[in-house]
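I am opening a notebook page for a structure that is new to me. I will write down what I look up, in the order I look it up.

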Amino acid sequence: MVNPWRTYVRLSAVLMGSNGLTKGSLAFLNYPAQIMFKSTKVLPVMVMGAFIPGLRRKYAFQEYVSAVMLVVGLILFTLADAQTSPNFSMAGVAMVSGALVMDAFLGNLQEAIFKMNPDTTQMEMLFCSTVVGLPFLAVPMVLTGELVTAWTSCSQHLYVYAVLVLEAMATFVGQVSVLSLIALFGAATTAMVTTARKAVTLLLSYLIFTKPLTEQHATGLLLITMGIVIKLLPENKERRPRRLPKNDDDDKPRESREAGEETA
């Protein structure tokens, strides 16, 4: 370990708040409404990056345009397939908004840890945040009785253990990949990649299962593509004129140079 445990206590608390509020909001919001909010994750991540100590990131205008187009495109593409319209509740909106704030803190906090201590590895961050988060989750599960219910259900259906092992392996690969993206390219770029990944997943489901594509699907896909293209475009930076190397003779008075030439 190269970071103190208190760093991972804060990280685990933010991670638990993000996941807990996201899952809990489904008791008050239907899935399309939650998707609309969660699809905007990249925007608070970019805004929060300017206030995290050790980062103070500033993004170009084209990056904000790219993020907005990506978010709007994903919302249109997702809601085109929804069989029900978004259902909003003030309690659910408050919970999912809190989850977005936690997500914004989480990505930028992970990036700040990598930046302030370059020796931090993805394995250390994943292992320590999981170990610290285990007691955080165990206490509410015991108090609500969910732990006993889940244990009894798994004992009756043993195949669930195999499913959990496979899910854990897949989650491990995914989390290491996400942490690697954060370490190399930053929290905002990672949020855009994961947002675009959702669109690719939806598109593949339409291609594999031959679902009909509507005009709203096409509009959303077009906006997503435009957002990605804008993100890939190089930034237009003003070129400063190159300064020629300074000659030592330029610092001498003109009369001294002339006298030297006559002597030569």
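Does cysteine 154 count as buried or exposed? Cysteine 154 counts as buried, because its relative accessibility is 14% and buried means under 20% relative accessible area, against over 50% for exposed and partly exposed in between, with a 1.4 Å probe and protein chains only.

Before going on I note the ground rules. This is a predicted model, where local features need pLDDT of at least 70 and side-chain atom pairs count only at pLDDT 80 or more, while totals for chains, interfaces and linings use all residues. Residues are numbered from 1 along each chain as its sequence is written, and side-chain values use heavy atoms, with hydrogens and water left out.

Entry: I then looked for disulfides (a pair of cysteine sulfur atoms within 2.5 Å) and the count is zero.

**Entry: the chain.** I find eleven helices and zero strands; helices are DSSP runs of H or I with at least four residues, strands are E runs of at least two, and both are numbered from the N terminus. Of the 264 residues, 31% are buried. Taking contacts (heavy atoms within 4.5 Å) with a separation of 6 or more, I note that 85% are between residues 24 or more positions apart. The accessible surface is about 17200 Å², and carbon and sulfur atoms hold 66% of this surface. The areas come from the Shrake-Rupley method with a 1.4 Å probe.

**Entry: cores.** A nonpolar core is a set of buried Ala, Val, Leu, Ile, Met, Phe, Trp, Tyr and Cys residues joined through side-chain atoms within 4.5 Å. The largest one has 20 residues, and Val42, Val45, Met46, Leu70, Ala188 and Ile224 have the most contacts inside it. Helices H3 (42-48), H4 (61-79), H5 (90-116) and H9 (187-209) each give two or more residues to this core. H9 supplies the largest share, six residues.

Which residues does alanine 188 touch, leaving aside its neighbours within four places in sequence? I find alanine 188 in contact with Val42, Val45, Met46 and Tyr59. A second, separate core has 13 residues, among them Cys128, Val176, Leu179 and Ile182.
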